[in-house]
Amino acid sequence: WLSALEGTKWLQHLSVLLKSALLVVHAVDRDQRPVLVHCSDGWDRTPQIVALAKLLLDPYYRTTEGFQVLVEMEWLDFGHKFADRCGHGENSDDLNERCPVFLQWLDCVHQLQRQFPCSFEFNEAFLVKLVQHTYSCLFGTFLCNNAKER
C-alpha cells in the first residue's frame, strides 16, 4: 500500500502545497507584502494555496463557520470545476479533466489539524463527511463547475 501511495506522489503534492502556502503566509504576515497567487490556468493550484494560506493566517477560518465561508469563497464562488474534477458532469468520461484537487486541499487541512488539533474547532470526522458529500451527489453544492450552473 505504501509503495502504491508513493507511486502517486500524493504526499509530495501535499508537501509542495503546504510549502507554497507557507511562502504566502511569510510574505503577508512576516514581510508585510502583498501577494498575487496565480498558477497556470488558475483553476486548481490557486484555490489550494490561497485557501491554505487564509486558513493559516486567520483563526476565523479554523472555526466551523469560518471553514464553511472559506470553502464557499475560495472554491464555490471562485468557480472551481467540481463537475469536471470529480467526474459529476457531462464530461465525466474525460479522465484528463478529473483530478482530486479539492481532496488534496482537504488532506492538507487534515495534516494541519493533526499537528495543531487545538487550533481547529472542527475535527477529522467533519472533513471526512465533507469528502463523502463532495462525491456523493446528494447535494448540489459540489455538482457543478460554477455558481451559474449550481
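**Salt bridges and their surroundings**

Author: K54 is partly exposed, because its relative accessible area is 25%; buried means under 20%, exposed over 50% and partly exposed in between, with a 1.4 Å probe and protein chains only. The model is a predicted one, in which local features need pLDDT of at least 70 and side-chain atom pairs count only at pLDDT 80 or more, while totals for chains, interfaces and linings use all residues. Residues are numbered from 1 along each chain as its sequence is written, and side-chain values use heavy atoms, with hydrogens and water left out.

The side chain of K54 meets that of E74 in a salt bridge, at 2.5 Å from N to O. This pair links distant parts of the chain, for K54 belongs to helix α3 and E74 to helix α4 (residues 64-76), 20 residues apart. Helices (H or I, at least four residues) are DSSP runs, as are strands (E, at least two), numbered from the N terminus. E74 is buried, because its relative accessible area is 10%.

A salt bridge here is a side-chain nitrogen of Lys or Arg within 4 Å of a carboxyl oxygen of Asp or Glu, and by this rule the count comes to five. One of them joins the side chains of D44 and R85, with 3.0 Å between N and O. D44 lies in the loop between α2 and α3 and R85 in helix α5 (residues 82-86), so the pair ties together parts that are 41 residues apart in sequence. Both D44 and R85 are buried.

Another salt bridge is formed by the side chains of D84 and K81, at 3.9 Å from N to O. D84 is buried, with a relative accessible area of 9%, and K81 is likewise buried, at 17%.

Just after α2, Q32 takes a positive phi of about 55°.

Positions are given in the numbering used here, feature names are shortened, and annotations may be inferred rather than shown by experiment. The record's "signal peptide" covers residues 1-27; in the model this span is 93% helix and 0% strand, and its end C-alpha atoms lie 38 Å apart. The record also places the feature "active site" at C39, in the loop between α2 and α3. C39 is buried, because its relative accessible area is 18%. Leaving aside residues up to four places away in sequence, C39 touches R45, T46 and I49, where contact means heavy atoms within 4.5 Å.

The cysteines complete the picture. The structure holds zero disulfides, a disulfide being a pair of cysteine sulfur atoms within 2.5 Å. The sulfur of C108 is too far for a bond, because the closest cysteine sulfur, in C99, is 13 Å away. The sulfur of C144 is also too far for a bond, being 10 Å from the closest cysteine sulfur, in C137. C108 counts as buried at 0% relative accessibility, and C144 is buried at 16%.
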